[in-house]
Amino acid sequence: MDQPWDATFEKMMRQALALLPSGDELRPDLNTATFGLDSLAAVELLINIEAAYDIQVPEDLLQLSSFATPGSLWKLIGDVRGTDGSKAP
């Protein structure tokens, strides 16, 4: 299955999800907490995302639900970037 995000996001998510086996698919609906995303990992992930995509996520958009799944986090990135969140061609 082709994911809606780019390779940079995939790599950052896999680094943040310490309990996700390397061979398992990173699905848009995967529960990030189940695979090791705690509050400290979420902060580190946010910092990495902001640096990688040259964005600043406004505090009013930072909600726990945004980090619940890779799909919800990718949507947040798209919202901040002003795109629909789909992978660029």
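Modeller: Let us begin with a definition: a helix axis is a line fitted to C-alpha atoms, over the stretch in contact, and the angle between two axes runs from 0 to 180 degrees between N-to-C directions. Please bear in mind that this is a predicted model.

Colleague: Which secondary structure elements does the protein chain contain?

Modeller: The protein chain has three helices and zero strands. Along the sequence, the pattern reads α-α-α.

Colleague: How does one describe two packed helices?

Modeller: In general, one gives the angle between their axes and the distance between those axes. Here, helix H2 (residues 39-53) packs with helix H3 (residues 70-81) at an angle of about 40°, and their axes lie 12 Å apart. H2 is therefore oblique to H3. The crossing in which H2 passes H3 is right-handed.

Colleague: Which residues of H2 and H3 meet?

Modeller: From H2 come Leu45, Ile49 and Tyr53, and from H3 come Leu73, Trp74, Ile77 and Arg81. Sorted by class, this contact of H2 with H3 holds six nonpolar residues, no polar residues and one charged residue.

Colleague: What tends to happen to nonpolar side chains in soluble globular proteins?

Modeller: In such proteins, they tend to be buried together. In this model, the largest nonpolar core has 23 residues, and those touching the most other members are Phe9, Leu37, Leu45, Ile49, Tyr53 and Leu73. Helix H1 (7-16), H2 and H3 are the elements that each give two or more residues to this core. H2 supplies the largest share, six residues.

Colleague: Which residues does Leu73 touch, not counting residues up to four places away in sequence?

Modeller: With those sequence neighbours left out, Leu73 touches Phe9, Met13, Leu45, Ile49, Ser66 and Phe67.

Colleague: Where is Ser66 found, and is Ser66 buried or exposed?

Modeller: Ser66 is in the loop between H2 and H3. A residue counts as buried when its relative accessible area is under 20%. Ser66 has 11% relative accessibility, so Ser66 counts as buried. Not counting residues up to four places away in sequence, Ser66 touches Leu61, Ser72, Leu73 and Leu76.

Colleague: What can be said of the protein chain as a whole, in terms of burial and of contacts?

Modeller: Of the 89 residues in the protein chain, 36% are buried. Among contacts between residues at least 6 apart in sequence, 53% join residues at least 24 apart.

Note on methods: Residues numbered from 1 in each chain as written. Predicted model: local features only at pLDDT ≥ 70, side-chain atom pairs only at ≥ 80, totals over all residues. Heavy atoms only, no water. Helix = DSSP H or I, 4+ residues; strand = E, 2+ residues; numbered from the N terminus. Parallel < 35°, antiparallel > 145°, perpendicular 65-115°, else oblique. Left-handed = near helix turned anticlockwise from the far one by under 90°. Contact = heavy atoms within 4.5 Å. Nonpolar A, V, L, I, M, F, W, Y, C, P; charged D, E, K, R; others polar. Core = buried A, V, L, I, M, F, W, Y, C linked by side-chain atoms within 4.5 Å. Buried < 20%, exposed > 50% of the residue type's maximum accessible area, 1.4 Å probe, protein only.
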